[in-house]
Amino acid sequence: MISLAAERAGVLNRLLDAEQERFRALHPRSAAAWQEGTEHYLYGGPSHWMRRWAGGFPVYAEEAQGAHIRDIDGRDYIDFCLGDTGGMCGHAPEAVTEAALAQLKRGATMMLPTEDSIWVGAELSRRFGPKYWTLTTSATDANRAAIRISRMITGRRKVLVFSGCYHGGVEEAHVEIRDGRVGLRNMIHPNGIDHDAVSRVVEFNDVAGLEAALAHGDVACVLTEPLMTNFGMIPVDPGFHQALRELTRRAGTVLIIDETHTLSCGPGGYMKSHGLEPDIFVAGKAIAGGIPAGVFGLSQEIAERLWKIVPHVNPRERQSAHLGFGGTLAGNALTVATMRAVLEKVLTSTNYERMIGTATWLAQEARRLIAAAGLPWHVTQIGARAEIMFMPQPPRNGADVIAGRQPDLEILLRAFYINEGILVTPFHTMLLMCPATSARDVDKHTRVLAQFIDVLRGAGAI
């Protein structure tokens with residue numbers, strides 16, 4: 001006898017097969033381009049992330065403007081993925097385009113500072129609190145630098161992260177809790193690294209577990225998002241950040257807060273709006289309007305501890321040590337020019353109000369449909385970002401996500417969305433607003449989500 005669960009899985013698989021067949025029929029040019037790409041690229045496209053789309057292969061983009069993308073098959077999409085946050089400013093915003101073109105005519109990279117960098121440094125401190133800043137080419141690079149500095153000033157080896165986290169290509173963060181121990185996340189090779197020796201992993205929101213992990217006295221830094229966004233959105237428990245800050249200070253551990261995604265919460269990110277006090281602040285992706293960039297900022301105390309090891313001002317002696325981080329393209333003139341345009345003209349208080357208002361409306365409409373259908377799903381919203389998750393309540397940690405998520409439903413929804421002209425993050429069902437996201441865009445999402453629920457009901461899947 002076939003169980004109800006197996007029968008439901010069969011229904012979902014048949015629906016997904018139908019959606020992927022529809023996708024192939026709708027995208028013949030993209031299908032041909034993808035096939036050709038497999039002859040030249042290691043995993044089919046310029047980045048292996050691009051193979052993750054639910055249709056079975058990615059659409060090939062022709063152009064993008066504001067909150068919309070057109071592919072080479074001539075199909076249009078509302079873009080709620082926005083480059084998995086890199087395009088949070090919207091596609092081709094005029095201020096960023098003009099700044100980039102103007103700087104390209106003057107030179108893209110010279111390994112010399114420009115006057116724009118003075119303005120950018122001051123604005124970063126105004127938004128995120130007084131810090132000593134360094135620019136990088138990605139948030140991954142910024143996180144690596146923050147970890148290295150933490151080890152330099154503490155003399156400790158281990159990095160503590162929360163199970164299910166993602167902080168880019170940081171080796172120490174490629175871990176999760178497996179059977180009560182440090183284990184690697186799926187498909188990640190250990191790369192010759194003894195992760196037990198360099199990493200500690202704790203469940204998010206677990207104050208007791210955090211305290212126990214820090215009690216060993218060997219943790220150089222805690223690297224965390226203000227709330228988790230890369231394993232399904234996991235809200236933060238009341239009081240957790242206060243405990244995190246108190247425990248890290250007591251343990252002599254550096255606290256690094258990575259706001260690469262939560263920059264969507266407002267002009268000063270989640271940190272400023274909630275009064276957090278990290279030792280090192282990290283951001284990336286959207287901060288230069290889609291031009292590859294990251295930043296990290298050190299508090300006065302952390303900067304002074306680093307300067308005792310590598311002095312910052314010594315006019316008689318050339319600094320020969322590269323400190324193990326940075327790169328010749330970091331802080332290049334093109335990135336700095338676009339970063340200034342983003343901070344000055346795009347990610348403004350007015351635009352954040354619009355983006356957050358749009359996300360609030362989208363989340364409310366999604367909740368209305370879910371409640372009307374009596375479905376055991378929920379919607380989490382933080383700032384300009386929302387996510388539909390197929391479980392009754394928001395998870396508290398990575399273990400809850402593993403136990404409760406329904407990946408078959410997730411991929412089916414993403415495939416259905418893309419066939420109906422909506423793009424969401426291909427790794428989970430997260431939707432991000434940009435300044436150009438409109439009321440019409442939200443209305444279409446509401447209609448398409450209603451259609452998806454009807455399809456499931458008609459197939460007997462709910």
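On a 1 Å grid over the protein atoms alone, a cavity is a set of points where a 1.4 Å probe fits but cannot get out, while a pocket is an open set with protein on both sides within 12 Å along at least five of seven lines. Lining residues have an atom within 4 Å of a point. Grid points are joined across faces, edges and corners, and a volume is the space filled by probe spheres set on the points.

The model is predicted: local features need pLDDT of at least 70 and side-chain atom pairs pLDDT 80 or more, while totals for chains, interfaces and linings use all residues. Residues are numbered from 1 along each chain as its sequence is written, and side-chain values use heavy atoms, without hydrogens and water.

**Exercise 1. Count the cavities of 30 Å³ or more and describe the lining of the largest cavity.**

Step 1. The count is one.
Step 2. The largest cavity holds about 60 Å³ of space.
Step 3. Its lining consists of Trp53, Ala54, Arg414, Ile418, Ile422, Leu423, Val424 and Pro426.
Step 4. Sort the lining by type, with Ala, Val, Leu, Ile, Met, Phe, Trp, Tyr, Cys and Pro as nonpolar, Asp, Glu, Lys and Arg as charged, and the others, Gly among them, as polar.
Step 5. Helix H14 (407-419) and strand S15 (422-423) each give at least two lining residues; helices (H or I, at least four residues) and strands (E, at least two) are DSSP runs, numbered from the N terminus.

**Exercise 2. Describe the second largest pocket.**

Step 1. Its space is about 1200 Å³.
Step 2. It is lined by 34 residues, and those closest to its centre are Trp133, Thr134, Leu135, Phe325 and Ala330.
Step 3. Elements that supply two or more lining residues include helix H4 (115-128), strand S4 (132-136) and strand S12 (294-298).
Step 4. By type, the lining has 22 nonpolar, twelve polar and no charged residues.
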